[in-house]
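Subject: Structure handover

Hello,

The structure we talked about is below. Please open it alongside this message, then read on for what turned up.

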Amino acid sequence: MIIFDLDHAVVDSSHRAVTRPDGTLDLDAWRACSTWEYICRDSLLPIAQLWRSAMRRGEHIIICTARVMTVADFLFLDAYGLQFNACLSRDCERDTRADWALKRDLLTDYAQSLGLSWRRFAADCVAYDDNKAILDYYTHAGILAHDAIELNRRLAQ
């Protein structure tokens, strides 16, 4: 199973990411830019080719993102032919769990839905994410984790 984050891992949505003076993401601005008009200006990063290769091999692909997914997000993925078996995401804007905790909970529930112990699930997963806290969590939890920022840089060369 392969776990893909979206933003800064597979999708370059940086044109929609406005930061505050303290460096944190301005979520209100992000939400305002989560329309088809903005999302269709996103582009794919090199890791998208790994996703497509995984699709051709018949791998089980899981999107695990801290985004609240919208119809426009799914249309974008469909337009680029990025298919998946499961999309795990934040249910609503009121869910303010830290991204790593959100992903821990989503993946734990998903493993249970597949009838797998965490140990078995984690041992069968490879993950691509850009967030250091999430990468640390994945590694601690037994998932082989790759830094998407570094890997995209290498793949682009």
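The face of H4 turned away from its buried side carries the exposed residues Val71, Asp78 and Ala79. Exposed means over 50% relative accessible area, buried under 20%, and partly exposed in between, with a 1.4 Å probe and protein chains only. The buried residues of H4 are Ala72, Asp73, Phe76 and Leu77. They sit on the same side of H4 because they cover an arc of only 140° around the axis. That arc is taken from the directions from the helix axis to the C-beta atoms. Just after H4, Gly81 takes a positive phi of about 70°.

Some ground rules. This is a predicted model, in which local features need pLDDT of at least 70, side-chain atom pairs count only at pLDDT 80 or more, and totals for chains, interfaces and linings use all residues. Residues are numbered from 1 along each chain as its sequence is written, and side-chain values use heavy atoms, with hydrogens and water left out. Helices (H or I, at least four residues) and strands (E, at least two) are DSSP runs, numbered from the N terminus.

Strand S4 spans residues 61-64, and both of its faces are covered. Ile61 and Ile63 are buried on one side, Ile62 and Cys64 on the other. In a regular strand the side chains alternate between the two faces of the sheet.

S4 runs parallel to strand S1 (residues 2-4), with three bridges joining them. Two strands pair if DSSP finds at least two bridges between them. Ile2 has Ile61 in S4 as its bridge partner.

S4 is also joined by three bridges to strand S5 (residues 86-88), again in parallel. Here Cys64 is partnered by Leu88 in S5. From S4 the chain crosses through H4 (residues 71-79) to S5, a right-handed β-α-β crossover. Right-handed means that, with the strands pointing away from the viewer, the path from the first strand over the helix to the second runs clockwise.

**After S5**

Where is Ser89? It lies in the loop between S5 and helix H5 (99-113). Ser89 counts as buried because its relative accessibility is 15%. Ser89 touches Thr65, Arg67, Met69 and Leu106, leaving aside residues up to four places away in sequence. Contact means heavy atoms within 4.5 Å.

**S6 and S7**

Strands S6 (residues 126-129) and S7 (residues 144-147) pair in the parallel sense over four bridges. Asp129 stands opposite Asp147 in S7. The chain gets from S6 to S7 through helix H7 (residues 132-141), and this β-α-β crossover is right-handed.

Best wishes
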